Amino acid sequence: VCERIYDTWIARSVSGDIADAVFVADLDGEAAGLVTVGPKNGRGDIGLLAVAERARGRGLGGALVRAALAWTAGRRFDTAQVATQGANA
């Protein structure tokens, strides 16, 4: 069920329905992570950030966040936000 939810979230983000931009990290020619970003309440809003387990520890997550922040700054937002679940490590 979770996989279907994320598939839908990604598809709706890529289509522009719930995100304005999707940045993808590449590792050895394959997608290894992504971040979605768009405007929300006068701020840049990171909707989804994910890095494949095989790619963790290589700085891809930080690079994706920096891409989202650059997108936010390019639209002259002073603030960016990301919501997460309390149980996330």
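The largest nonpolar core has 13 residues, and Ala 55 and Leu 60 make the most contacts inside it. Such a core is a set of buried Ala, Val, Leu, Ile, Met, Phe, Trp, Tyr and Cys residues joined through side-chain atoms within 4.5 Å; buried means under 20% relative accessible area, exposed over 50%, and partly exposed in between, with a 1.4 Å probe and protein chains only. Strand E1 (21-27), E2, E3 and H2 each give two or more residues to this core, and H2 supplies the largest share, four residues. Helices (H or I, at least four residues) and strands (E, at least two) are DSSP runs, numbered from the N terminus. In general, nonpolar side chains tend to be buried together in soluble globular proteins.

Before going on, please keep in mind that this is a predicted model, in which local features need pLDDT of at least 70 and side-chain atom pairs count only at pLDDT 80 or more, while totals for chains, interfaces and linings use all residues. Residues are numbered from 1 along each chain as its sequence is written, and side-chain values use heavy atoms, with hydrogens and water left out.

Let's look at Leu 60. Leaving aside neighbours within four places in sequence, Leu 60 is in contact (heavy atoms within 4.5 Å) with Ala 25, Ala 32, Val 51 and Ala 55.

Now to the strands, which pair if DSSP finds at least two bridges between them. E2 (residues 30-40) and E3 (residues 43-51) pair in the antiparallel sense over eight bridges, and Gly 38 has Asp 45 of E3 as its bridge partner. Asp 45 also has a bridge partner in E4, Gln 81. E3 and E4 (residues 80-82) run parallel, joined by three bridges. Together with helix H2 (residues 60-74), E3 and E4 make a right-handed β-α-β unit; right-handed means that, with the strands pointing away from the viewer, the path from the first strand over the helix to the second runs clockwise.

Two loops are worth a visit. Asp 28, found in the loop between E1 and E2, has a positive phi near 55° although this residue is not glycine. At 70% relative accessibility, Asp 28 counts as exposed. The hairpin of E2 and E3 has two residues between the strands, and Asn 41 there takes a positive phi near 50°. Asn 41 counts as exposed too, because its relative accessibility is 63%.
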